[in-house]
Amino acid sequence: MNIKKFLTLIILLTSATLFAQVDRSKMPEPGPAPEIKIADAETFTLDNGLKVFVVENHKLPEVSFSIMFNYPPVSEKEYAGLSNITGSLLGTATKTMTKDEIDENIDFIGATLSTSAKGVYGNALKKNIDVLAKIMGDIVANPKFEKTELDKIKKRTISSLKAGEKEPSTIADNVKNVLDFGKDSPYGEIETEKTVKNITIDKCVEFYDNYMRPNVSYLAIVGDINLDEAKNLADKYFANWKKGNVPAVKFKSKRPPLIRKVAMVDRPSAVQSVIHITYPVKLKPGDKLGFAAKVANAILGGAFVSRLNMDLREKHAYTYGAHSTLDDDIYMGEFDATCEARNAVTDSAVTQFLYEMKKMRSEKVTEDELNTVKKFMIGQFARSLENPSTIARFAINIERYNLPKDYYKNYLKNLDAVTVDDVYKASKKYIKPDKAYVLVVGNNSEVGKKLKKFSLSGKIDYYDTYGNKVDPDAEKLPADITVDQVIDNYLKAIGGKDKIANIKDETVAMEGNIQGMNIKITVVRKFPNKYYFNLDLGAMQQTQKFDGKNAVVSGMGQSKKLEGDQLEALKEESEMYPLLRYKELGIKPELIGLGKVNDKSAYKVKLTFPNGNSSVIYIDADTGLKLREASSRKTPQGEFATTVDFSDYKDWNGIKYPGKIVQTVGPQTIDMTVKEVKINSGVKDDFFKVD
Amino acid sequence: MSKKLFVIAALFLMQIGIKAQEKKINFTEYNLPNGLHVILHQDHSTPIVAVSVMYHVGSKNEQPNRTGFAHFFEHLMFEGSDNIARGQYFKIVQGNGGTLNANTTFDRTFYYEVLPSNELALGLWLESERMLHLKIDSIGVETQRKVVKEEKKQRIDNQPYGSLLEEVFKHSYKVHPYRWTPIGSDQYIDKASLKEFMDFYKTYYVPNNATLSISGDINIDEAKKLVAKYFADIPRGTRKMNRPTVVEPPITHEIRDTVYDNIQLPAVVETYRIPAQGTKDYYAINMLTTLLSQGKSSWLQKTLVDKKQAALYTGAFPFALEDPGLFIVFGIANAGVKPQQLESDIDSVIAKVRTTEISDKEFQKLRNQIETNFVSKASTNLGIAEQLANYYVYFGDANLINTEIDRYMKVTKEDLLKAAQKYFAPNSRVILYYLPKSAKK
């Protein structure tokens, strides 16, 4: 035997012994559990009140600076978006540096820098931290807010709002926040083009002055740095940041729904629905049921192997992934279970969500399940420590939430102490399938009907992408139609601009019925603005006249001059075809949407008159004829909404006029039939004379 | 400068030198007799370990009538094995404090678990089980078929601009399998059969086509023993693997098209072919990408977003692949900006980079940015494990995790200009407009 072969033999034998040791049918036992060490953050406070936390970690030669503005949630109302825009504006210029200089200096050292409503973050190699800290200090202490930069940010914000209108997840988040917290809560406010346009430099300066103050902020310095170095940098660059009296705010939020409600946002082209089962939750950080609540949510939907994902994805294949969160918060927390599922199984997915949520309340989890999820959460905790900024986050959380100093040191111990009964108790308290919003962003015509069954009131509330309630029957406007086209079509349909322009006078005789009484109405108009109205009730008559300047109403031997709103009303009425010359008349038309009038699609055009009054007219999308006019007018008796419907159009000497006019004022309806229309019969001016 | 200060400065420099060396990532690598490549990196700072396996197979190994196959198969790798019942794989990992996932690209498929460090053996057992005897049945296949289609809807069909990569690659390649993307198409996902999956498995999921890369709180010698224990008896694969050799001919005339999508703001995409990763020009292209789009002073950002306000968002991505890939410039128009305007603004930037040699200061900035990126890359165990595997699989040299920076530092200003002129030629590009569906006539 030569040596080489002998060696091969030994190797083979050794390998064979190794192979023999493998019993693949058994899962390997773990080695002794490693100790999970939680490093300490060092801390000091600057004279301006800025609390600084330092975490030394020399694994990589880099350092990060993270400033967190911890002001309370602010209601921005008609300026919604103000904090975000102020956050973006911060960092565009300082009293000593232009935007270009900041951008170039940061990029030159290969650093990253970002600013937001909540803080400023920067990261750089150790050798460059002095430059980074200097710029960051300058940004928070001496910002310069310039209108040109504000305008750029507003433009981008508005563009991205527009882009978000097509993003199902953005839409869902908007509406979810409105449902859970309310539009007037800082947590439910939504930025729109309008609120962003309201924001001015002064508002941004005011916001910065009020809220972005060191005495309500934290600075975390993490990485390849020691306490002395950190102190020097903080003293040198952040001590000039002036403290201030940050206004206290009163936090507003909605109560959870009393019954399960279904909310839907229609996305007609959607192939998949975004589903949320959600509601606000009162659960503060450090709550004594906090650990049990975390465990309950982890079992329900906090991990890949949680019940929701195993049910909806692995068992039913409804979705790519289903999960849930139960967020604690000082002001108002939130439960949210979510997935995206194809149209055909959207309702089945909701059924399974509710089933799994109910099960958490009706049955205790098993010991086995509890132990599994605890191990998962311990692992999650250990993995989070890989990132050194976790230690800084822990220290900051202890401060801002007023947690016990040893909250994170005891985290694993407290997690381990959670029992099956604790989980049951927490589930009963925090998992509420019957008092939740079922929110679906998806294709209404394909999934809407099947969602009704989840609503305890039997109805679905529809919302637009900004969380406003909408009428689901209202249709979307085609993108390429303009208000002028709609008006042109209307004028064409009733006879054409030339013919209408030739009308000098017009007399319309109508008959009708009001509360069982027969009535006759005669309306005479003369170009440009003379008006006569006669109501004949048989036993009595009423006449209104307007001669272009003055108006009078008379009847039963009495006569009264009209003034104010009543005079304005007659002025409006005196115009025969206001749309023919709306520009001259100062009427502002606006195409506001598509609607339905007795099953006919109609363009809704809002007309705003120079006196501030407005009406909405509905123009038939097919024929161009006017189907309805809706207005609201102030009268001495209060404000009345009036709707007038037009139908049965007939031709009178080339001009189309409705044969039927139905006027509804409040609960009262007047049906009129047009008997005769006379055009250019030569009515004299005297006819309208006001005595 | 006084002498004393000078000495201190010199000391300081020396220290930096030593420190930089300390940050070197040390690793051990070797092959098992069955061809499995093993890379081990030890780091005791957190008691966790990342266990990963990279299989050198991706969508480019698929047949044109089975696009999406490699990614579909990735889902099936979680189904179970002879010793792991269906549905248990995830439970075992998460129930023992771990996390797991996988992803599929054009060129490779990557699987990982990050576990508490005392569960290294568990991670190795799990990965070896599915490499040795994966078990899939028709229930699993049918379930994942639906899940994969939901994934496609969620990430692509139901997302604004979600089809971008698909469209870009479809228009840029005519013969190379890069003409389809890893997610594939529904019609072929529907056709994939159990038998085809098993053939695919036996061909590509073999130790001689895999790299086992481990990083974390481990003892190298113990880890070696455990690796041998679980992987040494997995037989080497013998089937022929489909490795496409087809060379995509160059584009000689600009290609233009329009995609109508469920979007509000138009977008413009320009793509240029670039050389395969690892080539000299590849490093120049990466630096050009940094010049064009990293940071607020980058050319695209400064010109399009800040100065001209034509774009809401802009970015440049080198899609460097094993075979020649793509350089993609993308811009979403600000409201009211026409795509033609955005295109001409993008073009002005591209033209500048093709005609102007950058200043020394800007070149230094670029090198500083590249250096920072390079350092920051090594921040997690999973990231280190994946990079080691990447460098080995694509470049045959895992040590590039420490030395690739040298290749960047060799690139000169002239190289940048030459690369821009060579690759960003107007007649070799593809231009796509993304327009709202309502704009379709």
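I started inside chain B: 32 residues of domain 1 of chain B are in contact with 28 residues of domain 2 of chain B. In contact here means that the C-beta atoms, placed from the backbone, lie within 7 Å. On the domain 1 side, β2 (37–42), β3 (48–55), β5, α6 (164–172) and β6 (210–216) of chain B each supply at least two residues. I take helices (H or I, at least four residues) and strands (E, at least two) as DSSP runs, numbered from the N terminus. That side of domain 1 has 15 nonpolar, 12 polar and five charged residues.

For bounds I have 28–231 for domain 1 and 255–439 for domain 2 of chain B, from an automatic or database domain assignment. Over C-alpha atoms, the centres of these two domains of chain B are 28 Å apart.

A note on provenance: this is a predicted model, where local features need pLDDT of at least 70, side-chain atom pairs count only at pLDDT 80 or more, and totals for chains, interfaces and linings use all residues. Residues are numbered from 1 along each chain as its sequence is written, and chains are lettered from A and ligands numbered from 1 in the order in which they are written.

Next, the chain pair. I find 69 residues of chain B in contact with 67 residues of chain A. On the chain B side, α5(B) gives the largest share, eight residues.

Last, confidence. Chain A has a mean pLDDT (the predictor's per-residue confidence, 0 to 100) of 90. Over residues 1–20 of chain A, pLDDT stays under 50. Where pLDDT is low, the predicted coordinates should not be read in detail.

Conventions:
Contact = placed C-beta atoms within 7 Å. Nonpolar A, V, L, I, M, F, W, Y, C, P; charged D, E, K, R; others polar.
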